Amino acid sequence: MTLDLFPDHDDGAGRREELAPGAVVLRGLALPQQAEILAAVDDITSRAPLRHLTTPGGFRMSVAMTNCGARGWVSDRRGYRYDALDPESGRPWPPIPEVFLELAANAASEAGFEGFAPDACLINHYEPGTRLSLHQDKDERDYSQPIVSVSLGIPAVFLFGGLKREDRCLRVPLGHGDVVVWGGPARLRFHGVMPLKAASHPGLGMRRVNLTFRKVG
Ligand code: MD3
Ligand code: FE
């Protein structure tokens, strides 16, 4: 008898959970590269510091953000958009590190999206109490491209809704190293993050960092 080291739901680097058509959780997929990823996040935030953006309505977002890649997501009184320059420094965002690109492409391919080459990586930084209210991601041109998200640090409860704001939300716990691919029929579903509970992670302390990869074009 042979030992089944990697049954169907596990390719050796993460159990796979289908949340809905087009939405796949790859548990722990980022764990093997975690040290390299955290070092890269430190390097990016030293060059493009985390900041609290203002919504078009004039509210300060509780989540702090920065970006790497040819395009960065920004928000201010004029609206939401992708910008090639960091408005704080006037310089281009730092490039997306190779280790990020490889992880994002591998995750997308596990979910059936071959050749994913993101040009935008939004880095969201949460502390206990911070949240992301229910929204849709609609600032990208091509909704046939998936979004890949990587969770690091303390756990969060992710809210995964439907195509209408009023639709019921699934509550999905996301922990350190979990990667989610959102594409196809899931691409325009409402989603958000519940207020973070206080907790501590050995590498990151009382923080959650989420990387969101997109092909903006
Ligand atoms: C589901 N960030 O930056 S990533 C965002 O954890 C954002 O920081 C969250 O939502 C975070 O816009 C969640 C997961 C995500 C991203 C895009 C989606 C989930 C999605 C698009 C459609 C459905
Ligand atoms: Fe979003």
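Student: What makes strand 3 and strand 6 a pair?
Tutor: Five bridges join strand 3 (residues 64–68) to strand 6, and the two run antiparallel. Two strands pair if DSSP finds at least two bridges between them, so five bridges are enough. Strands here are DSSP runs of E with at least two residues, helices are runs of H or I with at least four, and both are numbered from the N terminus.

Student: What kind of model is this, and which conventions apply?
Tutor: The model is predicted: local features need pLDDT of at least 70, side-chain atom pairs count only at pLDDT 80 or more, and totals for chains, interfaces and linings use all residues. Residues are numbered from 1 along each chain as its sequence is written, chains are lettered from A and ligands numbered from 1 in the order in which they are written, and side-chain values use heavy atoms, with hydrogens and water left out.

Student: How do you know which strand pairs with strand 6 over seven bridges?
Tutor: That partner is strand 13 (residues 208–214), in the antiparallel sense. Seven bridges pass the pairing test, so this is a pair by the rule. Within this pair, Cys121 has Phe213 of strand 13 as its bridge partner.

Student: Why is strand 6 called mostly covered?
Tutor: Seven of the seven residues in strand 6 (residues 120–126) are buried. Buried means under 20% relative accessible area, exposed means over 50%, and partly exposed lies in between (1.4 Å probe, protein chains only). Ala120, Leu122, Asn124 and Tyr126 point one way, Cys121, Ile123 and His125 the other way, and all are buried. In a regular strand the side chains alternate between the two faces of the sheet.

Student: Which strands stand at the edges of the seven-stranded sheet, and what makes them edges?
Tutor: The sheet is open, with the order 1-2-11-8-13-6-3 and antiparallel pairing. Strand 1 (16–20) and strand 3 are the edge strands, since each pairs on one side only. From one strand to the next the twist averages 20°; axes are lines fitted to C-alpha atoms (for helices, over the stretch in contact), and angles run from 0 to 180 degrees between N-to-C directions. At the strand 1 end, four bridges join strand 1 to strand 2 (residues 23–26), running antiparallel. Glu18 is partnered with Val24 there.

Student: Why does one side of strand 7 lack a neighbour in the four-stranded sheet?
Tutor: That open sheet has the order 7-12-9-10, paired antiparallel. Strand 7 (132–135) and strand 10 (170–174) are at the edges with a single partner strand each, so one side of each is left without a neighbour in the sheet. Further in, strand 9 (residues 156–160) and strand 12 (residues 191–193) are antiparallel and joined by three bridges, with Leu159 opposite Gly192.

Student: What makes a residue a donor of the iron ion (ligand 2)?
Tutor: Donors are N, O and S atoms within 2.8 Å of the metal (3.2 Å for Na, K and Ca); water is not among the atoms, so sites may look incomplete. His135 (NE2), Asp137 (OD) and His191 (NE2) lie 2.0 to 2.2 Å from the iron ion, so they are within 2.8 Å and qualify. Their spacing in sequence is H-x1-D-x53-H.

Student: Are His135 and Asp137 buried or partly exposed, and how do you know?
Tutor: His135 has a relative accessible area of 22%, so it is partly exposed. Asp137 is at 9%, and therefore counts as buried.

Student: How do you know what Asp137 does beside ligand 1?
Tutor: A polar side-chain atom of Asp137 lies 3.3 Å from an oxygen atom of ligand 1. A polar contact is a pair of N or O atoms within 3.5 Å; within protein, one must be able to donate a hydrogen and the other to accept it, and residues adjacent in sequence count only if both atoms are side-chain atoms. By that distance the Asp137 pair is a polar contact. Tyr126 also has a polar side-chain atom 2.5 Å from a ligand 1 oxygen, and for Asn210 the distance is 3.3 Å. Taken alone, ligand 1 exposes 510 Å², and the protein buries 97% of that (Shrake-Rupley method, 1.4 Å probe; for residues, only the protein chains shown count as cover).

Student: What makes Thr130 count as buried?
Tutor: Its relative accessible area is 11%, so Thr130 is buried. Thr130 sits in the loop between strand 6 and strand 7, and a polar atom of its side chain lies 2.7 Å from the backbone oxygen of Glu127.
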